Amino acid sequence: TANGTGSSLFAGKVALKTTQTARTSFLLKDPTRWNTETRDARGQELENFSRGKKFTDGDNKWGTGTTSSRATAAVDAQYGITKTLDFYKKTFGRKGIKNNSAGARGMVHFGNKVGNAFWDSVCGCMLYGDGDGDMFKKPLVVLDVTGHELTHGVVDATAGLEPTRVDRDGNQYGEPGALNESLADIFGSNVEFATDNPKNPPNYLLGEKLGLAQKFLRRLDHPSLDELEGTIDYWSPAAFDTEVHAGSGVSSHAYYLLAEGSGRKTIGSVTYDSPTYDGSRVTGIGRTKASAIFYRALARYMVSTTDFHDARKATLKAASDMYGADSTEYKTVNKAWAAVNVTS
Ligand code: ASN
Ligand code: ZN
């Protein structure tokens, strides 16, 4: 194990644990985190990790802080992946994405002008595009995106939530898939809160560092402020067949209300104003308890077909296990779901 440093695109200067292979040769592979490694897909749509090109360096100082160096995006990716693994381990005792003490793997410079990032469950890899040069100008290697995508890996390894329908363009629909997107946003936001980095202040916004005109991709406090995907605030029968990112707002909003409560609130540099369906007021129980309840519900009670009403029951069971059915925590879970129009 060697102590390297990286000059990232989005997170400033960061510490990286690397592997020393010779006196002046280092590999971007972290032996302290189950050999989590990032490689270069070299512009191909490679999904075979072993065919990616390894990143090596002579002085263990990686990247330049700009896209002029191919290693810079890899610094952000490796940093984000290791911070996400640290979050799951410290917070929930989870040993890697599959909880089997295997490292996660990153592939940067994936494809040509790809404005997206993906978790590939076959490869067990994170695939990062460099941006489409249009809506997404930069590589999609920001911390909350990594937390989002790796959480899809955790969901695959636990509940296995599946969309109910996929159209011919690959768009996914339905509540279980929307719940999957929501959990990815919830824990993606939690990864930021767990990572102490002044260049990446934590918040309930997703993708706020991607340079989008609306200043975020999605947000948990008031999902419908997202005009790009038309994310919804409340459940209605139409949620049954919404596109999964749009539908994610229902449970993301319930989670925010559970953690922080309704109404206006400034946390760090962001002011939130979270509405409720029925005009009710909700007092939050804090992010630590709210995320523990959602994690336990995911790991123990959700299955591939869990919809929003089932998710309510799963989180109520988790809250009852942890705090008791008479607790404020349990009652607040109930109120938070009612406030997004999910009752019984
Ligand atoms: N970034 C998208 C998502 O995680 C990519 C995908 O997997 N559909 O929702
Ligand atoms: Zn997603």
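This is a short walk through one protein chain and the ligand that sits with it.

Hi everyone, thanks for coming. A word on confidence before we look around: this is a predicted model. The protein chain averages a pLDDT of 97, and 100% of the residues score at least 70. For the model as a whole, ipTM is 0.94 and pTM is 0.98.

Let's begin with the overall build. The protein chain contains eight helices and 17 strands. Its radius of gyration is 20 Å, close to the 20 Å that the globule rule gives for 344 residues, so the chain is as compact as a globular protein of that length. If you draw a box around the C-alpha atoms along the principal axes, you get roughly 65 × 40 × 35 Å. Of the 344 residues, 53% count as buried. And if you take the contacts with a separation of 6 or more, 60% of them come from residues 24 or more positions apart.

Now, how is the chain divided? The domain assignment gives domain 1, residues 1-141, and domain 2, residues 158-344. Their C-alpha centres lie 27 Å apart. Across the boundary, 13 residues of domain 1 are in contact with twelve residues of domain 2. On the domain 1 side, the touching residues are six nonpolar, three polar and four charged.

On to the ligand. Which residues are around ligand 1? They are Asn-116, Ala-117, Phe-118, Glu-149, His-152 and Glu-181. By class, this shell divides into two nonpolar, two polar and two charged residues. Two elements each supply at least two residues of the shell, namely β10 (117-120) and α2 (143-157).

His-109 is in the loop between β9 and β10. It has a positive phi of about 55 degrees, although it is not a glycine. Is His-109 buried or exposed? It counts as buried, because it has 25 C-beta neighbours inside 10 Å, and the cut-off for buried is 20 or more.

Asn-99 is the other one. Its phi is near 60 degrees, again a positive value in a residue other than glycine. You'll find Asn-99 in the loop between α1 (70-92) and β9 (105-108). Asn-99 has 16 C-beta neighbours inside 10 Å, so it counts as partly exposed.

Asn-35 is in the loop between β4 (29-30) and β5 (36-40). With 14 C-beta neighbours inside 10 Å, Asn-35 counts as partly exposed. Setting aside neighbours within four places in sequence, Asn-35 is in contact with Lys-29, Asp-30 and Gly-103. Lys-313, by contrast, is 278 residues away along the chain from Asn-35, and their C-alpha atoms are separated by 38 Å.

Finally, Asp-167 lies in the loop between β12 (165-166) and β13 (172-173).

Conventions:
Residues numbered from 1 in each chain as written. Chains lettered and ligands numbered in written order. Predicted model: local features only at pLDDT ≥ 70, side-chain atom pairs only at ≥ 80, totals over all residues. Near = placed C-beta within 6 Å. Helix = DSSP H or I, 4+ residues; strand = E, 2+ residues; numbered from the N terminus. Nonpolar A, V, L, I, M, F, W, Y, C, P; charged D, E, K, R; others polar. Rg over C-alpha atoms; globule rule 2.2 N^0.38 Å. Buried ≥ 20, exposed ≤ 12 C-beta atoms within 10 Å, placed from the backbone. Contact = placed C-beta atoms within 7 Å. Domains from an automatic or database assignment. pLDDT = per-residue confidence, 0-100.
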